[in-house]
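Subject: Handing over the two-chain model

Dear colleague,

I am passing on the structure we spoke of, and I would be grateful if you could look it over alongside the notes in this message.

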Amino acid sequence: MMNPKTQNKVAIGTLYGIAGLVVLILMALLGYILVSGLPQLSWHFLTAPAKAFLKGGGVGIQLYNSFYLLILAMLISFPIALGAAIYLYEYAKDNWVTTTIRTAIEILSSLPSVVVGLFGFLFFVVKLNLGFSILSGAFALTFFNLPLLTRSIEDSLRTIDTTQREGGLALGLSRWETVTRVILPAAVPSILTGVILSAGRVFGEAAALIYTAGQSAPALDFTDWNPFNISSPLNPMRPAETLAVHIWKINSEGIMPDAKAISSGSSAVLVLAILLFNFAARYLGKRLYKRLTSA
Amino acid sequence: MSKEILTTQDLHLYYGEKEALKGINLNFEAKGITALIGPSGCGKSTYLRTLNRMNDLIPNVTITGTIKFKGQNLYAPSADTVQIRKEIGMVFQQPNPFPFSIYDNVIYGLRIAGEKNKEKLDAVVEKSLRQAAVWDEVKDHLHESALALSGGQQQRVCIARVLAVSPEIILLDEPTSALDPVSSSQIETTLLNLRHDYTIITVTHNLQQASRIADRTAFFMNGELVEVDQTKNIFMNPAEKQTEDYISGRFG
């Protein structure tokens, strides 16, 4: 029988060990991706279009597609998620309807993304006849993102103390005014953090996009900003392979001679972008909180 | 009796099945301070929160009886809670300034009501903060965060925030119980300055506080109003045995 003090030490030691292991795995992964990927990066790699059979292709279009798709998906999912979260947390009474909605959100959030992708394929691509397009992809990503974002915004609202709501109402503000003028401003920094973090997940999503946004990246003409032209970067009806899908595709059927290098480079870009999102989320959240709370 | 601004008749309140207020009859005259005292769980805070319908926020609450503010039934189906709370403001136990600047805190109610005139807003900020006896301490930091203030200053800013929407009645739910003694006495001074212009109803656990500031005191126990009278009478010469026991700390 160990004495409590030794027990404590052993327990702490074990926990440190586990935490250390997690950090180590992350470091090893990041290290491997960056060490093999960073040397591939160049301005040419980041901007040039991909080549199907020859070496020397880049990921310019895929990178652009990733961002465009991300922005579209966020534009669609954020207002819905915000509304759902406000309804669920500020208005909904605790009854079976609310419970059903919550359960639905929970299940939706644990749906494997490949299932979301196949659903998107059958519904948006085939049934609604949107084809392999940015729009189909954005809708699929919305399905993927909506539950996570709703939960994260709800959590942000939860961090605002009830006394703030009472304070607003006691001043003669309506429920809606209290939500929009007191609660939301106070929650903005943490909502923003949640949005950026979920942007990171969306950015790296591949499975939901393979069957919706497609696996081809037609050449774009970056001087043509008319969204109705097929080669315009803004056209939402064109197929658009993203960076994450590109990595998947190169590794499963890439026949260009420098496939491995491109795959490593793309992975590094993807990881760097997601890291950037994470740091930006923290930084902006803190900055914004400071600004909003001290005017 | 002089003019009664707020009357409650046979007020019952149930949390689910549990009866928390058992038929309260209590009237308030305009102006002056009334203290509600009594042991924890006696229903005094619950009662206070029925007066501006803050209990509406709690699910499963049933209220019967009548509360009339200037003759109008607060619980009539047509009653407008937003309007009611503009006229019957409330200050809470925990200071709850919004996470904005002091200035924005004070004018929040007015600004949302649509007031844009900068001069008028400035004037209201100064007047309200002066009334709340915190102007001198914050006048040079009006545009800094209210969260940076001490608890006592925050609470006075919260009082100023309520004053800025010019209510007739101010409800205070143990406004000093989260504060240190110095801050508490500043709040008391503030309330004493306000008693000529507002009808103030405050819940307090602190008997000395009630005796220091209240014109009238009401003693609650087990969801009933035991007695209400001039503060002096309650403390020196209570009519009920229960009151006397509570006042003298011989609680039974």
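What follows is a description of each chain in turn, with one residue from each taken up in more detail. Please keep in mind throughout that this is a predicted model.

Chain A

Chain A holds eleven helices and zero strands, and its order along the sequence is accordingly written α-α-α-α-α-α-α-α-α-α-α. Its C-alpha trace spans about 65 × 60 × 40 Å along the principal axes. Of its 295 residues, 42% count as buried, and the accessible surface amounts to about 15,600 Å², with carbon and sulfur atoms making up 71% of that area. Among contacts in chain A with a separation of 6 or more, 76% are between residues 24 or more positions apart. As for charge, the chain carries 21 positive and 14 negative side chains, and the centres of these two sets are 8 Å apart.

The UniProt record, an unreviewed entry, annotates residues 63–281 of chain A as "domain: ABC transmembrane type-1". In the model that span is 73% helix and 0% strand, and its end C-alpha atoms lie 20 Å apart. The annotation "transmembrane region", likewise from an unreviewed UniProt entry, is placed on residues 12–35, 67–89, 101–124, 130–149, 182–203 and 261–281 of chain A. I looked at two of these spans: residues 67–89 are 100% helix and 0% strand, with 31 Å between the end C-alpha atoms, while residues 130–149 are 80% helix and 0% strand, with their end C-alpha atoms 25 Å apart.

Setting aside residues up to four places away in sequence, S198(A) touches M74(A), N145(A) and L149(A).

Chain B

Chain B, in turn, contains ten helices and ten strands. Its radius of gyration is 18 Å, close to the 18 Å that the globule rule gives for 252 residues, so the chain is as compact as a globular protein of that length. The C-alpha atoms fill a box of roughly 55 × 45 × 35 Å along the principal axes. Of the 252 residues, 53% count as buried, and the chain exposes about 11,100 Å², of which carbon and sulfur atoms supply 46%. When contacts between residues at least 6 apart in sequence are considered, 68% of those in chain B join residues at least 24 apart. The chain has 26 positive and 30 negative side chains, and the centres of the two sets lie 3 Å apart.

The residue I would point to here is T231(B), which lies in helix α9, residues 231–236 of chain B. Is T231(B) buried or exposed? With a relative accessible area of 4%, T231(B) is buried, since that value falls under the 20% cut-off. Apart from its neighbours within four places in sequence, T231(B) is in contact with A210(B), S211(B), A214(B), D215(B), R216(B) and T217(B).

With kind regards

How values were computed
Residues numbered from 1 in each chain as written. Chains lettered and ligands numbered in written order. Predicted model: local features only at pLDDT ≥ 70, side-chain atom pairs only at ≥ 80, totals over all residues. Heavy atoms only, no water. Helix = DSSP H or I, 4+ residues; strand = E, 2+ residues; numbered from the N terminus. Rg over C-alpha atoms; globule rule 2.2 N^0.38 Å. Buried < 20%, exposed > 50% of the residue type's maximum accessible area, 1.4 Å probe, protein only. Contact = heavy atoms within 4.5 Å. Areas by Shrake-Rupley, 256 points an atom, 1.4 Å probe, with all protein chains shown as cover. Lys, Arg positive; Asp, Glu negative; His and termini not counted. Charge placed at Lys NZ, Arg CZ, Asp CG, Glu CD. UniProt positions renumbered as here; feature names shortened; annotations may be inferred.
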